[in-house]
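The sequence and the coordinates are shown first, and the description follows.

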Amino acid sequence: MSVLVVAEAQGGRLARATREALTKANQLGGPVTALLAGSGIAALLPELGTFGADKILHVDDERLRNYATEAWAQITADAINEVKPEVVLFGATVNGADLAPRVAARVGAGLASNCVDVTVAGGKVTAHRPLLNGKAFETLEVEGRPALVSLRPMALPAVEHPKNPEVLRLATDVPALRAIVREALQGAAGRISLTEADVVVSGGRGLKGPEGFQMLEELADLLGGAVGASRAVTDAKWRPEQEQVGQTGKTVAPTLYLAVAISGAIQHLAGMSSSKYIVAINTDPDAPIFKAANYGIVGDAFKVVPLLIEEVRRLKEA
Amino acid sequence: MSVHIVVCLKQVPDTEAKVQVSGGKIQVDGGAAIMDPYAELALEQALQVKDRLGATVAVVAIGAPQAIDVLQRALGMGATSAVLIEDPSLEGSDGSGIARALAAVVRREEPDMVFCGLRAYDDQAAQVGPYLAELLNWPQVTAAAWLGVEQGATSATVRRETEGGIEVLEVQLPAVLAWHKSFEPGAPETSLNPRYPTLPMLMKAKRTPVPRLTAAELGVEGQVGQAAAAVKRVDASPAPGRPATQILRGDPAEAAKELARLLREEAKVV
């Protein structure tokens, strides 16, 4: 079952969702072709091979410095035409979600988006995805070929499957762009991106002010993770907008989500309920967050977190 | 000529309603259906343009007769016209069918911009905006959070939020914007909640008949509904249960120690 993986770069390396999509593509059987477009992307090509691309199609052009829908839609449609895959996988990242439906419309293909898994059996392509903030799941069948599927980041594992891929330049063109990035205001450099992190340490109003987040930053650094925040915190401007986790913030699915002094309103849960392990620390035993958590501590975050930091440090040094 | 905006609305189940799944069917209990929260952000942004520039705002929804509630709410908030696409033949449409029906309305309305939510609460598919833009052959900006547009302008400034940060784009009009957050026109760092309808306007909206359109009237027969869909649901299942919450007992030091142990041995993040 030949698969085209539409790769994406984030923070100077392959996006996690791309590594996960390549892993899934290999499970589906392959051959696996990866498509990567951008400017100055040569350094990313080997990683595509590491995660199992049999063939790489790339486009390297100064005009592709920033993501642009119309450029990527043309490039992807041209790649589909060239490779004639049975299945096309996208990451359901912000840009992946921008691109996949446009490509589906352009090439007249069906798209199952925001999925947590895709399966091929008996020639049928089915995809599985959450509905209603994860209260139910549905299985979709995608008819017609190619079948397009976009995969939620961190729903599937990324496993190395090293190959020595053939690398080819895709014959394509960059169309005149009608939506152009004039300025890119990057998030805080150096810290791992919230949506790529294995660990998110998140704080709520109960931390009483921005200073309360210092200990969360320390814990996040120790665990190699990112800091998140509830909407109440970002509205109060204790933390930047980009750290908001929730319905109108980021959706994250890390291995560990540590909710510190967060009550657990529905809108917040919507952004993190797919996390593998959820741990809650809150003084209120009735806080809704405890119902969503695997482990909970009813207690004062200002006492518990510093002690947790000490314990984690002790375990790491042992 | 004032700016004209079409806003695509959707009626979805209350986000707090309980959901049950059995025999592959999903049942949502309790609570009145609501205007999808992301669509509501999009509507608020359109109404901001109306407040500033005197724009006209046409709202459209596809649905069963009760979808009229979200259209009336929108009129109560200040939308200037509404239309309901009501046709049983649209049931089972995939993203393509929905976008085609909406595109037909957009072509009639000839707006400068189309706003929609980035995704909808119920299916989170996030397909309508980009699909619609491709059908119309317009540029698109998704994950929009802030808009700057002036009367008579041929382009607009839009801020979008990606995982890496904020991008500021210049987009030629007409364009499709799919909204994820809503910031104040005059203050791009200040988030803006959707306004409430005023009671007099809501009462007036409920007395105003909302025109309905069928697939035939839109010229999309055969392009919508189950038969035209390339993506179909074949099963549904309940959410996998999370194991019961374990509350870690003891004083803060004991609880912290146990948690650290679990983070190492169970979650394997230490």
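## A buried glutamate in chain B

In this predicted model, B:Glu161 has a relative accessible area of 7% and therefore counts as buried, since the cut-off for that class is under 20%. The residue belongs to strand 10 of chain B, which covers residues 155-162.

The surroundings of B:Glu161 include residues from chain A as well as from chain B. From chain A, B:Glu161 touches A:Val94, A:Glu241, A:Gln242 and A:Lys250. From chain B, the residues in contact with B:Glu161 are B:Ala143, B:Ile166, B:Lys181 and B:Phe183, when residues up to four places away in sequence are not counted.

## Overall form of chain A

Chain A contains nine helices and 18 strands. Its radius of gyration is 21 Å, close to the 20 Å given by the globule rule for 318 residues, so chain A is as compact as a globular protein of that length. Along the principal axes, the C-alpha atoms of chain A fill a box of roughly 60 × 45 × 40 Å.

Buried residues make up 61% of the 318 residues of chain A. Among the contacts in chain A with a separation of 6 or more, 63% are between residues 24 or more positions apart.

## Salt bridges

Over all chains, the count of salt bridges comes to 37. One of them links B:Arg233 with A:Glu138, and the closest N and O atoms of this pair are 2.6 Å apart. Because B:Arg233 lies in strand 16 (residues 231-238) of chain B and A:Glu138 lies in strand 10 (residues 136-142) of chain A, the pair joins two chains. The two partners fall into separate classes of accessibility: B:Arg233 is partly exposed at 42% relative accessibility, whereas A:Glu138 is buried, with a relative accessible area of 4%.

Within chain A, A:Asp61 forms a salt bridge with A:Arg63, with 2.9 Å between the closest N and O atoms. A:Arg63 counts as partly exposed, its relative accessibility being 47%. A further salt bridge in chain A pairs A:Arg314 with A:Glu311, whose closest N and O atoms are 3.0 Å apart. These two residues are three residues apart in helix 9 (residues 301-317) of chain A, and they are therefore separated by about one helical turn. A:Arg314 is partly exposed at 45% relative accessibility, while A:Glu311 is buried, with a relative accessible area of 13%.

## Helix 1 of chain B

Helix 1 of chain B runs over residues 37-53 and has 17 residues. From its first C-alpha to its last, helix 1 reaches 24 Å, close to the 24 Å expected at 1.5 Å a residue. This helix is mostly covered, as 14 of its 17 residues are buried.

Both ends of the helix can be described in detail. At the start of helix 1 of chain B, a side-chain oxygen of B:Asp36 reaches to within 3.0 Å of the backbone nitrogen of B:Tyr38. Just after helix 1, B:Gly54 takes a positive phi of about 70°.

Technical notes: Residues are numbered from 1 along each chain as its sequence is written. Chains are lettered from A and ligands numbered from 1 in the order in which they are written. This is a predicted model: local features need pLDDT of at least 70, side-chain atom pairs count only at pLDDT 80 or more; totals for chains, interfaces and linings use all residues. Side-chain values use heavy atoms; hydrogens and water are left out. Helices (H or I, at least four residues) and strands (E, at least two) are DSSP runs, numbered from the N terminus. The expected span of a helix is 1.5 Å times one less than its number of residues. Buried means under 20% relative accessible area, exposed over 50%, partly exposed in between (1.4 Å probe, protein chains only). A polar contact is a pair of N or O atoms within 3.5 Å; within protein, one must be able to donate a hydrogen and the other to accept it, and residues adjacent in sequence count only if both atoms are side-chain atoms. The radius of gyration is taken over C-alpha atoms; the globule rule is 2.2 Å times the number of residues to the power 0.38. Contact means heavy atoms within 4.5 Å. A salt bridge is a side-chain nitrogen of Lys or Arg within 4 Å of a carboxyl oxygen of Asp or Glu.
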